[in-house]
4 protein chains.
Amino acid sequence: MSNPSHFGLAYPVTKAARDDALNPRKSPKQLRAAATVAAILEGAARILEERGLEAYNTNAVALRAGVSVGSVYQYFPTKEAVTRALIQRETGALLAEVEACATAASPREALEAMIAACVAHQLRRPVLARLLDLEEARLPLADDLRDLAQSLVSALQRNLLWGGLDSAAAREIAPDLLAIVKGMVDAAGQRRETDAGALGARVRRAVFGYLPDAFG
Amino acid sequence: MSNPSHFGLAYPVTKAARDDALNPRKSPKQLRAAATVAAILEGAARILEERGLEAYNTNAVALRAGVSVGSVYQYFPTKEAVTRALIQRETGALLAEVEACATAASPREALEAMIAACVAHQLRRPVLARLLDLEEARLPLADDLRDLAQSLVSALQRNLLWGGLDSAAAREIAPDLLAIVKGMVDAAGQRRETDAGALGARVRRAVFGYLPDAFG
Amino acid sequence: MSNPSHFGLAYPVTKAARDDALNPRKSPKQLRAAATVAAILEGAARILEERGLEAYNTNAVALRAGVSVGSVYQYFPTKEAVTRALIQRETGALLAEVEACATAASPREALEAMIAACVAHQLRRPVLARLLDLEEARLPLADDLRDLAQSLVSALQRNLLWGGLDSAAAREIAPDLLAIVKGMVDAAGQRRETDAGALGARVRRAVFGYLPDAFG
Amino acid sequence: MSNPSHFGLAYPVTKAARDDALNPRKSPKQLRAAATVAAILEGAARILEERGLEAYNTNAVALRAGVSVGSVYQYFPTKEAVTRALIQRETGALLAEVEACATAASPREALEAMIAACVAHQLRRPVLARLLDLEEARLPLADDLRDLAQSLVSALQRNLLWGGLDSAAAREIAPDLLAIVKGMVDAAGQRRETDAGALGARVRRAVFGYLPDAFG
DNA sequence: CATGAATGAGCGTTCATTCAT
DNA sequence: CATGAATGAACGCTCATTCAT
C-alpha cells in the first residue's frame, strides 16, 4: 500500500516508532501507543459527527477518546495535527480503494469503480466526510495533505492515460474530475442524500460527459 | 432585481431606514450609516483576503474598516451576522448577474453567460470567494443564506425549463450544476488559476456534458 | 421644604437654572428642561422596575424616557448622577412626608405616622424602592445622599427628643430605628408583601419595643 | 452540621470529589483542587474588601488568588457562581455558629448567643459581610442561596418555638428578627462601628423588644 | 508515559461617554 | 440644545497548550 501512515503514529515520537514500517512486529508498548492514537482519532471523528466543528476541541476529543488531554499532546504536537491525521486516516482509506480500482477490466470500468468508491466513502460517514473536507480546505496546506490530495489526482490521471488521453490532457482533466466529484458528493451529503446508486449515476454522467468521447 | 437588500442596511436601525425601498433618496444619517456598514463589510473582506480566517476577528475587522468595534455591533448583532451579510453582499451581486443572463437569445447562450458570470465572480476576488464559500458551508444555515443559495438554484432551474427539460429533470439537475460549477471554480481559485477563458471553457464542457443532449 | 432639589435640575447647568428656588416663575426653556429631567428620572425608574438592575443602562433609560442619550448627559454628568437624582426624588418625597409627621398631636402619634409613611412609601413602588436602597448602599457615598439620609435620621431624632429622650440617647437610637425600619420594609418588599396594615403593625412593635418605656 | 458543602469543592469536578462527605481522607489531587477553590474564594473576598465591587472582576480575583483566570473557570461556571460560593462560605460559617447556639441553657440565652454570633460575624470582616449582603440581594436568588437564608430563618424559628411561641407566631416573627438584625448590623458596619458589646446590646434590645413578653 | 489541573493570550461583546451634525 | 452614531476601555469567558505529579 502506498500510504500506510494512518496505521501507525502520525508523528515519530521515539526511534523505535520509526521502524514501524520496516518492522511490523510491534512491541506491547507500540501496540498500546497505536491503540491510543486510534482512540484519539476516532474520538475526534465522533465529536465532529455528533457535535460539529463548534464542539471540536482537544478537551472534548480527549474525553470522548477516553484519554487525557496530555495524551493527545503526547502523540500530536497540535490540534491541527490531529485534524490532519484524521483526514489522512479517512482520505488514506479512500485512496487505497481508488487505487485498487486500477485493476479493473477496462479504463471505463476502472473510472466507474473509482466514482463508486468516492460516493460510497462520502455516504459512509457523510457528516464526518463533509466536515473534514471543510477543514482540509481551511487548513494551511501542509505537505502531508497536499501529497494525499495529489495521490488521488495521480490515480485518476493514470487512469486517464490508460484510457487513451495524452499526458497534457490527463494532467489538465484529472483535477477537474476530482473537483466535480467532490463538489457533487459534498453537496449531496449536505442535502442528506443516502441513495448511493442514484448519486453514483449522476456523478458518472457528469464525469463521462466531461471526458472527451475518445476515452476508453 | 429580486434581492436588493445588500444595497441598504443589513439591519433596520431607525424607522426611517426601513423606507429605503420606497424612498431611495437617503438622508445624511442614512448615508452615513450605509457608509459605515459598507466600510465594515469591506473591512471584513480585506481581512479575509489579506490575512485569512485565522485573523478574522471583530477587532481586526473594525480596525481595517476604520471604525471602532462598537460600531460593528451597532449594525450587526454578532460576528456571524457580519459574515452572513458579507456573503449576502457577494452572492447577491453574483445572483443579480446570473439572473440578468435570463435575457440571452437562447437557453444555451444564457447558460454560457451564467457560467461566465460565476467564473468571473470567482476570479475577481478569488481568496474572498473561496473563504466565504467555506464560511457559508460551516455556518448554521440561517434562512437568509438558504434563500440566497436557493435563488441561484432557481435561476438555473428556470433556464433548464426554458431549454426544454421537464420539471422533474430540472429540479434534479439544477443543484448538481451548481455543485459542479462551485466545485470547479473553487478548486481553480485554490490553484490560483487566473485565466477566465480557459476555466470557463472547461466548466462549460462539464456542464453541457452533464446536460441531456436534448437541451437547448 | 428643606430639600426641594428634586423639583429642578439635579446639577446647575446655566446661571438661570440656579435661580429656580428663588424665582419659581420659570421660562419656557426651564420648563422644558425640567420636563426632560423628570422624563429621564421616570425612565430610569421604569427600567429598574420592569427590567431590573441588569438592564439599567443609559441607553435603555434614554429610550424609555423618550429622549436621546445625549440629552441624558446634558442634564447629568454620569450615570451615577442619574441614580443619585432618582434616589433623591424618591427619598426626598419620603422625607417630606416624614417631616410633615412632626405636626402630630403627640410624639407617639408622630412616630407612628412616620412609620406609616415609610411603609406606604415602600409598598407604593416596592421594586423601585428596594433597588434604589441597593444602589444607595453600593454607591460611593456622595455628600448629597449622605445629607438626605442624615435628614431622615434628624427627623427621627427630633421626634425622640420631643418624646423625652435625652440628646445622647436620641443620637444613638435614631439611626438604629431607621435601620430597623429599612431592614423590615425592604425584606417585606422582597417577600412581595402588600398588606400595609399588617406590616405597619409589626414595624411599630419593633420600633416601640426598642424605645425605652419612658418614650412619649 | 446540616450544610457542610462549603468545606469541599463548590462544583463536583471528578467522580472522586463527590465522595468527600463519605471519605474525608483526600487524595493529593483533591487537596490541590480544594486549595485552589479556597484560594479563589479568598481572592474574591480580598478584592471585595480592599477594592470594592467596582474592582470585583474575574481577572482581578484570579490575580489576587495567585491563580490564572482559567483556573477560576475550571471550578466555577460563571463569575456569579464565585460570588454565590463566597456567600455560601461566609453565611455557611455563620449558620453553623447560629445552629450551635441551640444547645444553650435557655431559649433566651440561645437567642442572645445567636445575636452575638451575628454581630461577631459582621464585625469580623465588616466590608466583606456588607458587600456580600448587597450581592445576595442583587443576585437572581438561586436555590442554594435561598436555602441558606431559609436555614437561618429556620434556626431562629426553632428557637422561638422552644421559647413558647406558637407555630404561627414563630413563622411570622422569625423573618422579621432576621431583618432587624441584618438591618442593624449592616448599618453599624457601614458606620464602621467596632464595639461588638455595644452593638450587641442594642440588637438584643431591639430583638427582645419585638418579642412578646411571654418569650422564654 | 498518563494524567488533568493550571495557564494566559486572545476573542466576542457591552456600555458609559463623547461629539459631529 | 437635541440627536444618536461612534468610541474604546474593559469585562467575561474559552481553549490550545504546558507541566508538576
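A salt bridge is a side-chain nitrogen of Lys or Arg within 4 Å of a carboxyl oxygen of Asp or Glu. The structure discussed here is a predicted model, in which local features need pLDDT of at least 70 and side-chain atom pairs count only at pLDDT 80 or more, while totals for chains, interfaces and linings use all residues. Residues are numbered from 1 along each chain as its sequence is written, chains are lettered from A and ligands numbered from 1 in the order in which they are written, and side-chain values use heavy atoms, with hydrogens and water left out.

Over all chains, the structure holds 68 salt bridges. One of them joins D:R205 to C:E172, with 3.9 Å between the closest N and O atoms. This pair crosses between chains, from helix α9 (residues 196–210) of chain D to helix α9 (residues 167–190) of chain C. Helices here are DSSP runs of H or I with at least four residues, numbered from the N terminus. D:R205 is partly exposed at 33% relative accessible area, and C:E172 is partly exposed at 41%; buried means under 20%, exposed over 50%, and partly exposed in between, with a 1.4 Å probe and protein chains only.

Other salt bridges lie within a chain. A:R64 pairs with A:E50, their closest N and O atoms being 2.6 Å apart. Because A:R64 belongs to helix α2 (residues 58–65) and A:E50 to helix α1 (residues 28–51) of chain A, the pair ties together parts that are 14 residues apart in sequence. In chain C, the side chains of C:R138 and C:E135 meet in a salt bridge of 2.9 Å, N to O. Both residues lie in helix α7 (residues 126–138), three residues apart, which is about one turn of the helix. C:R138 is partly exposed at 38%, whereas C:E135 is buried at 5%.

The protein also meets DNA. DNA strand E is surrounded by 35 residues, a residue being near a strand if one of its heavy atoms lies within 4 Å of it. The closest are B:Y73, B:K79, C:T58, D:T36 and D:Y75. By class, the residues of this surface comprise 11 nonpolar, 20 polar and four charged; Ala, Val, Leu, Ile, Met, Phe, Trp, Tyr, Cys and Pro count as nonpolar, Asp, Glu, Lys and Arg as charged, and the others, Gly among them, as polar.

Methods
Helices (H or I, at least four residues) and strands (E, at least two) are DSSP runs, numbered from the N terminus.
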